[in-house]
Structure formats: C-alpha cells, structure tokens
Amino acid sequence: MSSPAAGAKRGRSRLAGFVELIVVVGLALGLAFLIQAFLVKPFRIPSESMEPTLDVGQRVLVERVTYRFSDPHRGDIVVFKPPRGADPDVSSCGVPHPEDSPCPRPTPRHSSTNYIKRVVGLPGERLKVIGGHVYINGRRLREPWARIDPGCASTCTLPREITIPRGYYFMMGDNRGASADSREWGPVPKRWMIGKAFFTYWPPNRVGTF
C-alpha cells in the first residue's frame, strides 16, 4: 500500500511531464513560425502561368534570406506581393500608357495575395515583348523556359519599349499566353518580394531543385 507521500510524488511527476510536453510543443510551433517568417516558406502553385516549369498544385520551398543581402537576378523564380492592380476587382496599370507597350508603373499599393513569376527585366533596362519573347535593350533574351503558343493574346506583342524604374523588376510567367503579369500591372519593387523559390517537394516525381 502506497503512502500519501508516494502518491503526491507520482502526481508531481505526471504534472512535470505534462508541463514538459506543453513546453516542447510550444517550442516546436515557435520554431516552425520563425522558420516560415524568416527562413523558408512552402508555397502551392495556384495557376498554369508557370507551366511547363511548375504545374498547378505543385509545391515549392521559398527561401527568404537571399534578397535581404543581394538583389534578384534575371531568371529567378520569385514569390511576391503583386500590385493592387493585379486583383480582379481592380485589374489595372498604375499609370496611363499606350496599348502597344507593357505597363511601366504599378499601382502604389500591393495586393494581399501571393504570386509566383520569373524575373525577366532588371532596374534601368529597356524592355519590350514581341511574339511572346522578351527583348532587353533591343536584344532578344534567350529563354529556354518560355512556352509561347501560336494563339498567344495581345499581351504577347507589346513592341513599344518601357524603361524599368530603379528598384523594380519585371515579372512574367513562363506560360506567356496564360499569365497575367507585369505586362498588365507593371514591374514589382524589391520590397514586395517574399523570397526565391529553390526546391520543389511535391509531387514525388518532380522533387528537386530548379
């Protein structure tokens, strides 16, 4: 027969175990939050705009460190906040512009949604789009990732050049005929960028870097 002291000791032991479990779970959740907030964030591909590079429903990891210390490079696949003009209820460029040119400036505020596109134009560069292909400072880019369908919409031919503002980046989807991007709502400032996509982890047959 156990004594009252032994019973009290077992009770304290169970309480200590429960408290330890709560602390461990709290630390794990806090660590997960810090990782997503400052280091790596998962992202699900919501549309066909990045096909064939990334398919609808594919999952990628986005690292949030690089752009704190360096600038984006051409070809980077980036998750970012688009301009408010990218939202369906607004859908506009930030400034009036000719119909045969890309949008030169975004609306001043960003959207609450997240987009994923590729960097094709850098600050200070002159850019135009002909037949779905990007031209920088008069020269056509080599873009092995681009999908350009014969029936590409009017945004695939915008021959009037714009100059990308300082601190802004021109973002386009790889699937040129099925992407709403900087052609319509303008370049994106670096401060609206969340991070660089670097790894795909789902589905299993697509696992790897890109």
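Visitor: Buried means under 20% relative accessible area, and exposed means over 50%. Where does that put D87, buried or exposed?

Guide: In this predicted model, D87 has a relative accessible area of 10%, so it falls under the 20% limit and counts as buried.

Visitor: Which residue forms a salt bridge with D87?

Guide: The partner of D87 is R84, and the closest N and O atoms of the two are 2.5 Å apart.

Visitor: How many salt bridges does the structure hold?

Guide: There are twelve salt bridges in the structure.

Visitor: OK, what about R176, which residue does it meet in a salt bridge?

Guide: The side chain of R176 meets that of E143, with a distance of 2.7 Å from N to O. This pair links distant parts of the chain, 33 residues apart, with R176 in the loop between β9 and α3 and E143 in the loop between β7 (139-140) and β8 (158-163).

Visitor: And are those two buried or exposed?

Guide: R176 counts as buried because its relative accessibility is 1%, and E143 is buried as well, with a relative accessible area of 10%.

Visitor: Back to R84 for a second, what network is it joined into?

Guide: Salt bridges that share partners bring R84, D87 and D89 together into one network.

Visitor: Which residue does D174 meet in a salt bridge?

Guide: The side chain of D174 meets that of R118, at 2.8 Å from N to O. Here too the pair links distant parts of the chain, since D174 sits in the loop between β9 (168-172) and α3 (182-185), while R118 belongs to strand β4 (residues 115-121), 56 residues apart. Both D174 and R118 are buried.

Visitor: New topic: where is M171?

Guide: M171 lies in strand β9, and it is buried, with a relative accessible area of 0%.

Visitor: What is M171 in contact with, leaving aside its neighbours within four places in sequence?

Guide: With those neighbours set aside, the residues in contact with M171 include V78, F80, K117, R118, V119 and M193. R118 is also the residue that forms the salt bridge with D174.

Visitor: How far apart are M171 and I116?

Guide: In sequence M171 and I116 are 55 residues apart, whereas in space they are 8.8 Å apart, taken from C-alpha to C-alpha.

Key:
Residues numbered from 1 in each chain as written. Predicted model: local features only at pLDDT ≥ 70, side-chain atom pairs only at ≥ 80, totals over all residues. Heavy atoms only, no water. Salt bridge = Lys/Arg side-chain N within 4 Å of Asp/Glu carboxyl O. Buried < 20%, exposed > 50% of the residue type's maximum accessible area, 1.4 Å probe, protein only. Helix = DSSP H or I, 4+ residues; strand = E, 2+ residues; numbered from the N terminus. Contact = heavy atoms within 4.5 Å.
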